[in-house]
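Q: I am new to this structure. Please take a close look at a single part of it and show me where that part sits in the whole.

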Amino acid sequence: MMEDDSPLITCSDEYRLLETYCQKRRKPRARSVQSACMYRLEARSGDEQFGDVAEKLTQIVDNGLLDEELLQTVDKRLIVDEGLESAGGVKDVDQDVIDKLVDLLKKSGDNLNERIQSNHELLGYLQRTFSYDLFKKVTEAFITSVVPEYLQSRRKREQIALAFEVTSRLKALDLHPMNRAMGYGAQYLQEYFAPWVKQHGGWEKAFDEDDDEEVH
């Protein structure tokens, strides 16, 4: 397993695209002229290559993908069809915490930090156990709660966009371990989606196609 801060991760296209995506997701706030210039210099190299792709990823997420009514419908279907509960009807403690975190990540918006800080169980769990394995479980649960497994082979772009979104939301949390989220996100993209992206000609071409139907 690669370390999340290894050059293979931090110099990868996935990491640089994640940086560009997160920059687009930052809330605008007042900056001095000097700091604004520094920000543009930091963002320029990633934006030049990946700006269009990052913009398309944000559009996928913002185009009703996280609609609350749809999420509630999918969540109910998952409880019945995907078997999130154990055979005895009691959830695993770790799974219960992951489910709570996924729910907060999807619905809390600007209040996410405040909601997590007020949940001492969840806060302590994240600070103790945030690792690539946990990141992977959270990301998979986040994606599956929006795109059920039986649709995933035909909706790769949506899954990829959701992986970018959950990474950006975890990175934005005001908690020390969350600075690892970028590396974990890039590693996750390499592990699960790089072959599909390569098959479609790279990041730019993979998200330059207008067809709704996705190749398996």
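A: Along the sequence, the pattern reads α-α-α-α-α-α-α-α-α-α-α-α. That is twelve helices and zero strands, in a model that is predicted. Of the 216 residues, 45% count as buried. Among contacts with a separation of 6 or more, 76% join residues 24 or more positions apart. The accessible surface is about 12100 Å², and carbon and sulfur atoms hold 47% of that area.

Two packed helices are described by the angle between their axes and the distance between the axes. For helix α8 (residues 132–146) and helix α10 (residues 181–192), the axes come within 10 Å and cross at roughly 65°. This crossing of α8 and α10 is right-handed. On the α8 side, the contact is made by Y132, F135, K136, T139, E140 and I143. On the α10 side, A181, Y184, G185, Q187, Y188, E191 and Y192 take part. By type, the residues of this contact divide into seven nonpolar, three polar and three charged.

I143 of α8 is also touched by Q159, a residue of helix α9 (residues 156–171). Leaving out residues up to four places away in sequence, Q159 touches V147, Q152, S153 and F193 as well as I143. Q159 counts as buried because its relative accessibility is 4%, and buried means under 20%.

Notes. Residues are numbered from 1 along each chain as its sequence is written. This is a predicted model: local features need pLDDT of at least 70, side-chain atom pairs count only at pLDDT 80 or more; totals for chains, interfaces and linings use all residues. Side-chain values use heavy atoms; hydrogens and water are left out. Helices (H or I, at least four residues) and strands (E, at least two) are DSSP runs, numbered from the N terminus. Buried means under 20% relative accessible area, exposed over 50%, partly exposed in between (1.4 Å probe, protein chains only). Contact means heavy atoms within 4.5 Å. Accessible areas come from the Shrake-Rupley method with a 1.4 Å probe; for residues, only the protein chains shown count as cover. Axes are lines fitted to C-alpha atoms, for helices over the stretch in contact, and angles run from 0 to 180 degrees between N-to-C directions. A crossing is left-handed if the near helix is turned anticlockwise from the far one by less than a right angle, and right-handed if clockwise. Ala, Val, Leu, Ile, Met, Phe, Trp, Tyr, Cys and Pro count as nonpolar, Asp, Glu, Lys and Arg as charged, and the others, Gly among them, as polar.
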